[in-house]
Amino acid sequence: MNSPNRQLVAFDVKRHLRRKSFWVASLMVPAFMILLALLVQSSESVIRKSSEVSGLTSFAFQYADQSGLINPELARRAGGSIATDVEKAKEEVKIGKVQTLIVYPSDVARGKIQITENNVGLVADQKSTSFARQLLQMSVARSVESTQLVKSLTASVDVDRIGYRNGVPDLGLAAVAVPMLFLFLYFTMTIFLGNQIIGGFAEEREQKIREVLFVDVTASSVFLGRMVATTVLGAVQLAIMVIPILLAYFAIGPELGLPLPAFHTWILDGSKMLAGFATLLLGVAMMIAIHAAVGAKIRSVREGSAFATLFILAMFSPSYILGVISENPGSIAVQTMTYFPLTAPSTLLFRNALGNISVLELVISEMIIMMTAVVTTLAAIRIYKSSNCG
């Protein structure tokens, strides 16, 4: 085979490989969605393992019935046990020994159902309010034939719920607002910088700049210089866009009727802020390295679009199962996302804000992220070197 024919065959092979990699990346997006749906389904099935007793969800709790209306057998089958000492039970709730304590008043028409609960999440904790009313409703229904009458008598019963976390009253969103800012920064910086890096490398290759740069400078120096320079430039551009918007929001927001954050209620937790900052830096560094590796290989932004979509999807995927992360952090889905590099930063930042991640889990996951960033950077340099002739 003569030289022109060999060059033509080589060109066709390269074009075929580029098309193949593009379609493989495109197919990975729906495959990832299917995998995510399966993980979510398995986690939700674990949450729903608690049996239902005549439509009443079962979970472990203690209760005190001063009204005499609660059916003991129904409460027992629903997972309840009688609290002989209410004050002692409240102290046990604070330290996490008891999850939920429900106290029914002697007069349910005028009094309030008192719930004391040890919070473990932001979503699942609220189920006890409807559960307490439902247990009263179903207990009364066993002695009253009219279902409509039971609903009208019990639906208006007030519930007073007090939640504790780590032995102190839980302030809810005020305690997670600051850690969640690191998650917002991670999303914003990764999406913006990722597009900048892929676009920069693609433009370099399209305009044949790479071959010129390699004449006087090593490929690794060019690669690292471009990655750092693009990151810094992208961060500056992002700041230039965001800061004026924030200043304008706080300056004229109240006059336009826009709500301002209640900064005075925010809780500054040093350990959460340190963990969030470390995860933010490692996560952004890893995603920059991954985007740079893709950018080093592709010839146009279009080729990297499927990969970029996959990365964004993986980054946001923990938010799809926020309820599971909040109430069942030990589930298969949450544990998988905690240690899988592409989903680990988002999952860690969510769990750090919610306060349901251990130090060991945090350290192991962050080590995985750091190792992924280093290995990906080294691999990206090799890809960049080998693509200078393509």
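Mentor: Helices are DSSP runs of H or I with at least four residues, strands are DSSP runs of E with at least two, and both are numbered from the N terminus. This is a predicted model, in which local features need pLDDT of at least 70 and side-chain atom pairs count only at pLDDT 80 or more, while totals for chains, interfaces and linings use all residues. Residues are numbered from 1 along each chain as its sequence is written, and side-chain values use heavy atoms, with hydrogens and water left out.

Trainee: How many helices and strands does the chain have?

Mentor: Both kinds of element occur in the chain. The count is 14 helices and eight strands.

Trainee: What share of the 390 residues counts as buried?

Mentor: Buried means under 20% relative accessible area, exposed over 50%, and partly exposed in between, with a 1.4 Å probe and protein chains only. By that cut-off, the buried share of the 390 residues is 42%.

Trainee: Take contacts between residues at least 6 apart in sequence. What share joins residues at least 24 apart?

Mentor: Contact means heavy atoms within 4.5 Å. Among contacts between residues at least 6 apart in sequence, the share joining residues at least 24 apart is 71%.

Trainee: Are α9 and α14 roughly parallel or roughly antiparallel to each other?

Mentor: Axes are lines fitted to C-alpha atoms, for helices over the stretch in contact, and angles run from 0 to 180 degrees between N-to-C directions. Angles under 35 degrees count as roughly parallel, over 145 as roughly antiparallel, 65 to 115 as roughly perpendicular and the rest as oblique. Helix α9 (residues 270-297) and helix α14 (residues 359-386) pack at about 25 degrees, with their axes 8 Å apart. The two are therefore roughly parallel.

Trainee: Which classes of residue make up the contact of α9 with α14, and how many of each?

Mentor: Ala, Val, Leu, Ile, Met, Phe, Trp, Tyr, Cys and Pro count as nonpolar, Asp, Glu, Lys and Arg as charged, and the others, Gly among them, as polar. The contact of α9 with α14 has 17 nonpolar, five polar and two charged residues.

Trainee: Do α9 and α13 run roughly parallel or roughly antiparallel?

Mentor: Their axes come within 9 Å and cross at roughly 170 degrees. Contact residues include Gly 276 and Met 286 of α9, and Leu 348 and Leu 349 of α13. By class, this contact has seven nonpolar, four polar and one charged residues. α9 and α13 are therefore roughly antiparallel.

Trainee: Which residues of α12 and α13 make their contact?

Mentor: Helix α12 (residues 332-339) and α13 pack at an angle of about 120 degrees, with their axes 6 Å apart. The contact is made by Val 334, Gln 335, Met 337 and Thr 338 of α12 and by Ala 344, Thr 347, Leu 348 and Arg 351 of α13.

Trainee: What is Thr 347 in contact with, leaving aside neighbours within four places in sequence?

Mentor: Thr 347 sits in helix α13 (residues 344-354). At 0% relative accessibility, Thr 347 counts as buried. Its contacts are Pro 318, Val 334, Met 337 and Thr 338.

Trainee: Is Val 93 buried or exposed?

Mentor: Val 93 is in helix α3 (residues 86-94). Its contacts, leaving aside neighbours within four places in sequence, include Val 98, Leu 101 and Thr 116. At 0% relative accessibility, Val 93 counts as buried.
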